[in-house]
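Reader: I am new to this structure. Where should I start?

Author: Let us take one feature after another.

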Amino acid sequence: MDPTFGNAWTNVPFSLLESIGVSYGGVARLEVRHGRELVLAVDLPVCRTFGEVAVGEPLIYPNELMNVALSRNQGSVVARYGVDFGADWQVRIGCAAS
């Protein structure tokens, strides 16, 4: 979690996206679970910069550790979607349905 900006960081290597055929400019399917509860299931653009989406829109980007991170352009993804961190939180990333 990035409490200053409200971004949600994962421990998933960003290189995993390319290995499943998703690259910059593409769309990935993101699912977040808290225990057994599905908290978020959404298709998101994979971006280099926040400016690639409209203000308030969510995106996936590589954080400074080159892991997958979830954010909103000029907004908090944590506040908007209620995601958090800990051992009981899981993230699944895959190719978006076409």
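Reader: Which element of the protein chain has the lowest mean pLDDT, and which the highest?

Author: This is a predicted model. Among the elements of the protein chain, helix α2 (residues 77-81) has the lowest mean pLDDT, 89. Strand β4 has the highest, 95.

Reader: How do I use such values for the chain overall?

Author: Where pLDDT is low, predicted coordinates should not be read in detail. Here the mean pLDDT of the protein chain is 91. Of its residues, 99% reach 70 or more.

Reader: Now the sheets. In what order do the strands of the sheet with β4 stand?

Author: In general, strands of a sheet pair through backbone hydrogen bonds, either parallel or antiparallel. In this case three strands form an open sheet in the order β1-β5-β4, and the pairing is antiparallel.

Reader: Why is one side of β1 and of β4 left without a neighbour in the sheet?

Author: Both β1 (8-13) and β4 (58-62) stand at the edges. Each has a single partner strand, so one side of each has no neighbour in the sheet. From one strand to the next, the twist averages 30°.

Reader: How many bridges pair β4 with β5?

Author: Five bridges, in the antiparallel sense. Strand β5 covers residues 67-72.

Reader: How many bridges join β2 to β3?

Author: Eight bridges join them, and the two run antiparallel. Strand β2 spans residues 27-34. Within β3, V42 is the bridge partner of L30.

Reader: How many aromatic pairs does a search of the whole structure find?

Author: The distance of the centres and the angle of the planes describe a pair of aromatic rings. The search finds two pairs. One of them is F50 with Y61, 5.0 Å centre to centre and with 55° between the planes. That pair is tilted. F50 lies in the loop between β3 and β4, and Y61 lies in strand β4, 11 residues apart. The pair links distant parts of the chain.

Reader: Is Y61 buried or exposed?

Author: Buried means under 20% relative accessible area. Y61 has 9% relative accessibility, so Y61 counts as buried. F50 is at 31%, so F50 counts as partly exposed.

How values were computed:
Residues are numbered from 1 along each chain as its sequence is written. This is a predicted model: local features need pLDDT of at least 70, side-chain atom pairs count only at pLDDT 80 or more; totals for chains, interfaces and linings use all residues. Side-chain values use heavy atoms; hydrogens and water are left out. Two strands pair if DSSP finds at least two bridges between them. Helices (H or I, at least four residues) and strands (E, at least two) are DSSP runs, numbered from the N terminus. Axes are lines fitted to C-alpha atoms, for helices over the stretch in contact, and angles run from 0 to 180 degrees between N-to-C directions. pLDDT is the predictor's confidence in each residue, from 0 to 100. Rings of Phe, Tyr and Trp (its six-membered ring) pair if their centres lie within 6.5 Å; planes under 30 degrees apart count as stacked, over 60 as edge-to-face and the rest as tilted. Buried means under 20% relative accessible area, exposed over 50%, partly exposed in between (1.4 Å probe, protein chains only).
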